[in-house]
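Colleague: Could you take me through this model? I would like to begin with the overall picture and then go into detail.

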Amino acid sequence: MIDKKRNSILFSILGLALLFMFILDISLGSVTIPFKEVFTSLTGGEASKSTWEYIIINYRLPKAITAVLVGVGLAISGLLMQTLFRNPLAGPDVLGLSSGAILAVAVVILGAGLLPSFLQSILVSSYTLVLASTLGSTAVLLLVLLVAQRLRNTMAILIVGLMFGSFTSAIVGVLTYFSSAEQLQKFTFWSLGSLGNLSWSSIAILAVCVGLGLLLSAASIKPLNALLLGENYAKSMGLNYTRVRLIIIFATSILAGSITAFAGPIAFIGLAVPHIAKLTFQTSNHAVLYWSTFFYGGIIMLFCDIASQLPGLDTTLPINAITSIIGAPVVIYLLMKKRNFQ
Amino acid sequence: MTTILKTSNLSIGYTSKKATVLIAKQLNLNLVAGKLVALIGANGIGKSTLLRTITGIQHPLEGTVFLNDKNIANYKPLDLAQQLSLVLTEKLPPSNLSVFELVALGRQPYTNWIGTLTQTDIDKVQQALELTQIEHLTQKKHYEISDGQLQKVLIARALAQDTPLIILDEPTTHLDLLHKVSLFKLLKKLTQETNKCILFSTHDIDLAIQLSDEMIIMTPEMVVQDEPQHLISKGSFNTLFKDENITFDTEKGKFIIR
């Protein structure tokens, strides 16, 4: 029962840290706004400068909320994948969902050059990009589900995801060969990811998708614990494996698909955060891991967002670069430190 | 004597697109409460297929498996999990599970949607830990203990699942003689103290003859179930291996190599 006490202390710290990072993220930016004014704007009061209020309510607050949704969603989907595939290196990107989104967006942006010009302008609006990446990841989801129905082997599903990733980069490579500099720039910007520029209505849609994914994941906590002993033991303990697997794959897809659609492909969060959570709590119990991954996902994504717009810097660095710069060494460190990589 | 599981004219084997492979037919086996039953047979004879069929994982070619007088195919997964628990040979996937958590997973068929352990659940887990004498290991991670200890932990998990029938697939593989004997004795003790029926497959025929209540012998020609002494006097063990270098000595009750 010492564990219980330790866990509740850790969770309190994580909860406070999430709140702190959230406020910090809103307080920092290229325009310096006094903390008192930030607080007044957030609580519905009027800031002494209307531009400050505007920046906070319409730019920084949506961005911070997006960061939390993206971080939590990707981290939880990574946790689900790692247990389902019994593979510590699994993550939403490994399943090929991000690749599906990338491919669809690449076809829209880079392939537009092959179409008549009036169609081009219709195609390459920001809404079509969201639509394309959603369709792309959903298409891969359906493909993965099809494979999952036919092949009982979970390794095979992982390999299909990897193959789809290679296929995507090849097609993207071919498309870049035929596209203009302007198109290339647009595609590159999207693929670097962005937490800003989301309207409140987009955030609402994202929140509904992430919320649904998180609910399905929470409902899978007990089956996920059974799966720690492998598929056959889980079945012998009364688990309806086919149904549980479909729910978990669906939850991951809706989380990763919606997030990639709105924020671009964001690497390493889904892979690294569950490991940080497992390292802190030293457990495999998903009732604990779910919440620790949840908090860490939000905290680390907010941290990455703060790092991408360090005070004094006029431009915002691409978020995907920041997550990779932070995430890749973390994964290597974990590998080195823990020989029994779980 | 309560019959827990029985098979009626059971035929086991595989059906593929090309052909049907029949492994054994007309099986009429009977598993009774409080008995330790050993399943023996040469490699590749179909022991696993038999176990898979009577645990409901695989469909029989013909005939029926009855668990408590009800066709096993008609059980819902959760109901089956409350009647039948398994100890498998497969390696556990990597995880941070402690021994206590692993044994407590056996309570899954009884816990609520999120898996909260009630006092009853904790008592059952505690009981299973005591019966298998692994209380001193509870806080260890499952990868920190020896093969023999892990086997006991997996048996404790099956005990915690609280089923009248436990089926183990080759539980003594990878263990040395000392641990084999202690595991056999543990299984024997469990059947006597808990009145469960335990069926296990094994290649340790000598030990099985000495410690099990009944044995099921699988050969290409037939499958017989009886008490070890009767099987010896019937000469059933000589049919086990088709090799003239190995014969069964009925007086000593063991195999002899020429």
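This is a predicted model: local features need pLDDT of at least 70, side-chain atom pairs count only at pLDDT 80 or more; totals for chains, interfaces and linings use all residues.

Modeller: Residues are numbered from 1 along each chain as its sequence is written, and chains are lettered from A and ligands numbered from 1 in the order in which they are written.

Colleague: How many helices and strands does chain B have?

Modeller: Chain B has eight helices and 13 strands; these are DSSP runs numbered from the N terminus, helices being H or I of at least four residues and strands E of at least two.

Colleague: And how compact is chain B?

Modeller: Chain B is as compact as a globular protein of its length, because its radius of gyration is 19 Å, close to the 18 Å that the globule rule gives for 258 residues. The radius is taken over C-alpha atoms, and the rule is 2.2 Å times the number of residues to the power 0.38. The C-alpha trace of chain B spans about 55 × 40 × 40 Å along its principal axes.

Colleague: What percentage of chain B is buried?

Modeller: Of its 258 residues, 41% count as buried. A residue is buried if 20 or more other C-beta atoms lie within 10 Å of its own, exposed if 12 or fewer, and partly exposed in between, with C-beta atoms placed from the backbone.

Colleague: What does the UniProt record say about chain B?

Modeller: The unreviewed UniProt entry annotates residues 5–245 of chain B as "domain: ABC transporter"; such annotations may be inferred rather than shown by experiment, and positions are given in the numbering used here, with feature names shortened. That span is 32% helix and 24% strand, and its end C-alpha atoms lie 37 Å apart.

Colleague: Turning to helix H6 of chain B, which of its residues are buried?

Modeller: B:Leu183, B:Phe184, B:Leu187 and B:Leu190 are buried in H6(B). They lie on the same side of H6(B), because they cover an arc of only 120° around the axis; the arc is that of the directions from the helix axis to the C-beta atoms.

Colleague: What is on the face turned away from that side?

Modeller: That face of H6(B) carries the exposed residues B:Leu177, B:Leu178, B:Lys185 and B:Glu193.

Colleague: What covers the buried residues of H6(B)?

Modeller: The cover includes helix H4 (119–131), helix H5 (147–160) and helix H7 (205–211) of chain B, together with strands E4 (36–41) and E9 (197–201). After H6(B) comes B:Asn195, whose phi is positive, near 60°.

Colleague: Where do the buried residues of helix H1 of chain B pack?

Modeller: In H1(B), residues 47–54, the buried residues are B:Lys47, B:Leu50, B:Leu51, B:Thr53 and B:Ile54. They pack against strands of chain B, including E1 (3–15), E5 (62–67) and E10 (214–218).

Colleague: How many residues does each chain give to the contact?

Modeller: Chain A and chain B give 23 residues each; two residues are in contact if their C-beta atoms, placed from the backbone, lie within 7 Å. The largest share of the side of chain A that touches chain B, four residues, comes from H10(A).

Colleague: Is A:Asn285 buried or exposed?

Modeller: A:Asn285 counts as buried because it has 22 C-beta neighbours inside 10 Å. Neighbours within four places in sequence aside, A:Asn285 is in contact with A:Asn225 and B:Glu101.
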